[in-house]
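Welcome! Have a look at the sequence and the 3D picture below, and then we will walk through them together.

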Amino acid sequence: MVVDHFDARLVKLARKGDQGAFAELVDLYKDKLFHLAYRMLSNRHEAEDIVQETFLRVHKNWARYDDKQKFSTWIYRIATNLCIDRLRKRKPNYYLDAEMNDQEGMDGYTLIPGDERTPESEYLLSETQQTIHQAIAGLPAKYKSVIILRYLQEMSLQEISEVLDMPVTTVKTRVHRGREFLRKKLEHKML
């Protein structure tokens, strides 16, 4: 893949101290990492902090990077772990009291939004999306991370396994349990 080759070239240069290559890596990943962190933390300032901390850790830990794995997997793992640590320090908050319109023929899984939004879908699903985002925000960290990576970042189970450094079977279980948790929380709102 062209992107992987481009990343590999930049990583190689950045590891040798090329600040320009590191700046290019920051430009390539800062928005993706911000969206991931914001979806996990629901707080703009905390998400910005996570992005900064992620790049600081990358810069400090080049020696720990295994160039046999994709750089994107490594940087997503760092960001995800920082988000999970931040969530663990918080008290859990469940605020699922938003009103929802009737959505005949749709269940909660089909309403989890991706990044591609049209004005029509934004208008039709805005209240539903808000409720789902609130439900996701209320998930325990171990389920929240896999649900966000799977449905909002649209990663495969294998990619999530690599990012979170856990077996695919564990990822599948957590996706299933996270969806079940969401279903139970959203069930009464979908009726």
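## The chain as a whole

Among contacts in the protein chain with a separation of 6 or more, 66% are accounted for by residues 24 or more positions apart. Keep in mind as you read that this is a predicted model.

What kinds of elements does the protein chain hold? There are eight helices and zero strands. The protein chain has 191 residues, and 42% of them count as buried. Its accessible surface comes to about 11300 Å², with 50% of that belonging to carbon and sulfur atoms.

## Where α2 meets α3

Let us start with a pair of helices. The axes of α2 and α3 (residues 44–60) come within 8 Å and cross at roughly 140°. That angle makes α2 oblique to α3, because only angles over 145 degrees count as roughly antiparallel. The crossing of α2 past α3 is right-handed.

Who takes part in the contact? From α2 come residues including Phe22, Leu25, Val26, Tyr29, Leu33, Phe34 and Leu41, and from α3 residues including Ile50, Val51, Phe55 and Val58. Sorted by type, the residues of the contact of α2 with α3 are 14 nonpolar, three polar and four charged.

## Where α2 meets α4

Helix α2 (residues 19–41) also has a contact with helix α4 (residues 71–89): their axes come within 10 Å and cross at roughly 35°. The crossing of α2 and α4 is right-handed.

On the α2 side you can look for Leu25, Tyr29, Lys32, Leu33, Leu36, Ala37, Met40 and Leu41. Facing them in α4 are Phe71, Ser72, Ile75, Tyr76, Ala79, Thr80, Cys83, Ile84, Arg86 and Leu87. The residues of the contact of α2 with α4 divide into 14 nonpolar, two polar and two charged.

## A buried glutamate

Now zoom in on Glu46, which has its place in helix α3. Is Glu46 buried or exposed? Glu46 has 16% relative accessibility, so it counts as buried, the cut-off for buried being under 20%.

Which residues does Glu46 contact, leaving aside its neighbours within four places in sequence? They are Leu41, Arg86 and Arg90. Leu41 belongs to the α2 side of the contact with α3, and Arg86 is one of the α4 residues that meet α2.

## A glycine inside α8

Gly178 is found in helix α8. With a relative accessible area of 0%, Gly178 is buried. Not counting residues up to four places away in sequence, Gly178 touches Leu139, Tyr143 and Ile147.

How many residues apart in sequence are Gly178 and Leu139? They are 39 residues apart in sequence, and 7.3 Å apart in space from C-alpha to C-alpha.

## Two positive phi angles

Most residues other than glycine have a negative phi. Glu154, in the loop between α6 (141–152) and α7 (157–164), has a phi near 55°.

Asp165 is in the loop between α7 and α8 (168–190), and its phi is near 55° too, a positive value in a residue other than glycine. Asp165 has a relative accessible area of 58%, so it is exposed, since exposed means over 50%.

Definitions and conventions: Residues are numbered from 1 along each chain as its sequence is written. This is a predicted model: local features need pLDDT of at least 70, side-chain atom pairs count only at pLDDT 80 or more; totals for chains, interfaces and linings use all residues. Side-chain values use heavy atoms; hydrogens and water are left out. Axes are lines fitted to C-alpha atoms, for helices over the stretch in contact, and angles run from 0 to 180 degrees between N-to-C directions. Helices (H or I, at least four residues) and strands (E, at least two) are DSSP runs, numbered from the N terminus. A crossing is left-handed if the near helix is turned anticlockwise from the far one by less than a right angle, and right-handed if clockwise. Contact means heavy atoms within 4.5 Å. Ala, Val, Leu, Ile, Met, Phe, Trp, Tyr, Cys and Pro count as nonpolar, Asp, Glu, Lys and Arg as charged, and the others, Gly among them, as polar. Buried means under 20% relative accessible area, exposed over 50%, partly exposed in between (1.4 Å probe, protein chains only). Accessible areas come from the Shrake-Rupley method with a 1.4 Å probe; for residues, only the protein chains shown count as cover. Angles under 35 degrees count as roughly parallel, over 145 as roughly antiparallel, 65 to 115 as roughly perpendicular and the rest as oblique.
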